[in-house]
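Visitor: I would like to take a close look at a single part of this model, and to see how that part sits within the whole chain. Could you guide me through it slowly?

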Amino acid sequence: MKTPDICGRMLSNFFEIHWENIIKLIAMPPQLKTLIPLFAVFIILFLVARHFLIPESFGDIDHYRANSINEIAAAPVHYVGNSVCIDCHDTEGALLESDAHAGLSCETCHGPGYLHIEDAEANVLAKPGTRKFCGQCHAINPARKLEVINQIDIDTHNMERENCIDCHNPHAVWELKE
């Protein structure tokens, strides 16, 4: 029974003698006394800001804001797709099917067709054919593969004509106009 008593006295003596040394070991440098509270304030501010900035529906569907699906669905449709264009413009659609531009949407060149569908007379679509417009895809660009896009030097090619559509039908590019 004397052993626990001796151990207890030894431990208490050890802590009495070395208490100051233990406090010195645990003591923080003065920089940490400033940085730890600042870090705690930063974490609290971050959590408060996060609470107010992240939408309620964020995370309902994985890493996504679920309410945006309804917002996007409620937005007006601007692009209508080739099938809607071809309903009225079947001649151009037939030409385009067998052409190099067959993979492109009509609206790639003509722009969004939603207003044109509502009132074709009042909302005429763009009919671009300038060197600058066609050059966006067809100007020489080493980053493009020649097998994919026919490229020309728009600064020297057929300079007597102002626009590409003066010679080329964009719905059947290989048919040259006279």
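Guide: Of the 178 residues in the protein chain of this predicted model, 14% count as buried, and the accessible surface comes to about 14,500 Å², with 64% of that area belonging to carbon and sulfur atoms. If you take the contacts between residues at least 6 apart in sequence, 43% of them join residues at least 24 apart.

Now for the surface itself, where Ile-44, Val-48, Phe-52, Leu-53, Ile-54 and Phe-58 form a nonpolar patch whose accessible area is about 600 Å² together. One of these residues, Phe-52, is found in helix H2, which covers residues 30–53. Phe-52 counts as exposed because its relative accessibility is 65%, and the cut-off for that word is over 50%.

With the rule that the two sulfur atoms must lie within 2.5 Å, the count comes to zero disulfides. Cys-85 is in no disulfide, since the nearest cysteine sulfur, which belongs to Cys-106, is 4.1 Å away. Cys-85 is also buried, because its relative accessible area is 13%, and buried means under 20%. Cys-134 is likewise in no disulfide, and its nearest cysteine sulfur, that of Cys-164, is 3.9 Å away.

Methods: Residues numbered from 1 in each chain as written. Predicted model: local features only at pLDDT ≥ 70, side-chain atom pairs only at ≥ 80, totals over all residues. Heavy atoms only, no water. Buried < 20%, exposed > 50% of the residue type's maximum accessible area, 1.4 Å probe, protein only. Contact = heavy atoms within 4.5 Å. Areas by Shrake-Rupley, 256 points an atom, 1.4 Å probe, with all protein chains shown as cover. Patch = residues over 30% accessible without salt bridge, like charges linked within 9 Å, V, L, I, M, F, W, Y side chains within 5 Å. Salt bridge = Lys/Arg side-chain N within 4 Å of Asp/Glu carboxyl O. Helix = DSSP H or I, 4+ residues; strand = E, 2+ residues; numbered from the N terminus.
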